[in-house]
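Please look over the model shown below. This report then walks through a few of its local features.

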Amino acid sequence: MCGIVAYLGNKQALPLILSGLRKLEYRGYDSAGVALMFDNEIVVRKTAGKVSDLEALLGSNGYDKDANIGFGHTRWATHGEPNDTNAHPVFDDNNEIVVIHNGIIENYKVLKTRLEREGYQFRTDTDTECLVHLIRSHYKNVMDFETAVRLALAEVDGTYGMCVLSKFEPDKIIAARRGSPLVLGVGEDEYIIASDATAIIPHTRQVLYLLDGEMVIVTRNKFEIKTIHDEKIERELEVITFDLEEIEKGGYEHFMLKEINEQPDSITNTMRGRIIKDNGLVKLGGLINVTEKLKYAPRIIISACGTAWHAGLVGEYMIEQMCKIPVEVEYASEFRYRNPVLYPNDIMFVISQSGETADTLAALKEAKSRGADVYGIVNVVGSTIARETHAGVYTHAGPEIGVASTKAFTSQLTGLALISLMIAQYRNSLPHDEIKKITDELLRIPDKIKQILALNDQILEIARIFKFCQHMLYLGRGYNFPVALEGALKLKEISYIHAEGYPAAEMKHGPIALIDQNMPVIFIAPKDSTYEKIISNIREVKARKGVVITITDFDSDGPSEEYSDYIIKIPHTLEMLSPILTTIPLQMFAYHLAVLRGCNVDQPRNLAKSVTVE
Ligand code: M6R
């Protein structure tokens, strides 16, 4: 939820930390700060606001001159409002130890009471502050920085990705992880620790992902990985393969726009090497070892959050239709706490772009603890969820930086289509020629997306008309009901317009009361098995003076044209693949509306890209 960058080497630390923080700002952007080690004195500068506000605060005060050890933090507030005081780094009483932290210390109240009794004064409202006082309190007894950190972490409940500096051992950074990601980059005579690799690859491609319960102790020319119980860990460095250009805007005004436009490529990458050319069958290397389990699974549970959960809903339709296996889709945040019943041989798929979402990870662990096999559909290679699952499929959509998920979603849908087809092959639940028909069409999807992207000007014009609207309803049926949910989520998260997604037929059971000339309704109505029904729903809205925007396909002229005020025509595809196409104009519409309203589409208020707190 927060972004962390730490540096120890021979270069000036500050510019490096700031550029890393800018890359990690998608993780949180309500306050930012740095701590730099100057000749045995730690200097902290922090402020409410974004990294640019921090840069303005630092101005040209020469902080960049000498320090080549330090760290920085960009925050998404959990405890304590986002103001200057609660920004990280957080000092101890004497400004001798300083901490940055991503996560939540769950037992902070108990710890705080005890530490206050010991005489420590709390100056912030953060849970993090008890961590720094706790380290200080242990340091007083053991007089060893590393031992003090270890003893403090042993007392902490909750999650952390944290870094700590101490003026007692100024050439050392200690970082530790439980539940919040940390990566160590190993360069030539320099080390960078960050919440994800994007802040590291400008400097080195050699990395080591810390696992839960591990800490890294970085000194000049040396690093050591240990568990927080002081057991040494030997692990090979890994090499990052993605390029810097992939995480830069590449001439687009926003990451979201870039990522929308990347979808022909990201989907091609999701399919690459997975559809066998000669026979059109599907082969997913990451699931090969669990073929038998998938073949005989009595039930599949899909668990995820937000957009990934919407992908899961589409997956439910796909798997049930093609594989004839019952599927349940669960909000990860609910699954964990409702004592779920799992049958022997049940399989869970978790879906996550970041691979770090705390709720999804908790659901995964819950299912594993109840004996289920859990497989991942994950974008970020090497992420926690990818590592924790028994098997899985990477979506290979490339880094997604915009907080609103776009290309990750369509790659998840593509991945789910491939998984459904592969299970159908194992189970013989779909004839071969039917599978080939679907994979042939999948291969045509990237070109069809290009045709939709070419509708940009038309979609922008429609967005202009609705710039000032306050509410919007999204309606779809069958495979496109989850797309209605996704379209509404996209709109509300980046434009702050209130939007609801509904199954179109449910409208008459309540939401129809909202319809009047001030309620624009977006219908997702490609010519599929529910087309005639949805046309009736469009009529019902028009009869009540609602304003109708319809997403439909080239083939479907007639009723949808007649009753729609605005119509966006996209290419036709198979029903089960239609969400991959219908979702694109909704992403473009939300994007344009948000930009027209002056919203920060890449960093919408109150949100963060990777939600690593429960
Ligand atoms: O990284 P994940 O896919 O696990 O993230 C899940 C949700 O937090 C995410 O999809 C969120 O809903 C997006 N902001 C939606 O655009």
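The model is a predicted one. Is Thr-530 buried or exposed? Its relative accessibility is 18%. Buried means under 20%, so Thr-530 counts as buried. The side chain of Thr-530 also has a partner: a polar contact of 2.9 Å links it to the side chain of Asp-528.

The relative accessible area of Asp-66 is 59%. The cut-off for exposed is over 50%, so Asp-66 is exposed. From Asp-66 to Met-507, the C-alpha to C-alpha distance is 64 Å. In sequence, Asp-66 and Met-507 are 441 residues apart.

**The sheet**

Now the sheet. Which strands form it, and in what order? The order is E17-E16-E18-E19-E20. These 5 strands make an open sheet with parallel pairing. Strand E17 (327-331) and strand E20 (391-394) are the edges, and each of them pairs on one side only. From one strand to the next, the twist averages 20°.

Strand E16 (residues 300-304) pairs with E17 over 5 bridges, in the parallel sense. Within this pairing, Ser-303 has Glu-330 of E17 as its bridge partner. Strands of a sheet pair through backbone hydrogen bonds.

Helix H11 (residues 358-369) packs on it and touches E16, strand E18 (347-352) and strand E19 (373-378). The direction of H11 makes about 165° with that of E18. Helix H13 (residues 407-427) lies across E16, E18, E19 and E20. Relative to E18, H13 runs at about 160°.

**The ligand**

Which residues come nearest to the ligand? There are 14 residues around it, and Ser-352, Gln-353, Ser-354, Thr-357 and Glu-493 come nearest.

| Residue (polar backbone atom) | Distance to a ligand oxygen atom |
|---|---|
| Thr-307 | 3.1 Å |
| Gln-353 | 2.6 Å |
| Ser-405 | 2.8 Å |

How much of the ligand does the protein bury? Taken alone, the ligand exposes 410 Å². The protein buries 91% of that area.

Conventions. Residues are numbered from 1 along each chain as its sequence is written. This is a predicted model: local features need pLDDT of at least 70, side-chain atom pairs count only at pLDDT 80 or more; totals for chains, interfaces and linings use all residues. Side-chain values use heavy atoms; hydrogens and water are left out. Buried means under 20% relative accessible area, exposed over 50%, partly exposed in between (1.4 Å probe, protein chains only). A polar contact is a pair of N or O atoms within 3.5 Å; within protein, one must be able to donate a hydrogen and the other to accept it, and residues adjacent in sequence count only if both atoms are side-chain atoms. Two strands pair if DSSP finds at least two bridges between them. Helices (H or I, at least four residues) and strands (E, at least two) are DSSP runs, numbered from the N terminus. Axes are lines fitted to C-alpha atoms, for helices over the stretch in contact, and angles run from 0 to 180 degrees between N-to-C directions. Contact means heavy atoms within 4.5 Å. A residue is near a molecule or strand if one of its heavy atoms lies within 4 Å of it. Accessible areas come from the Shrake-Rupley method with a 1.4 Å probe; for residues, only the protein chains shown count as cover.
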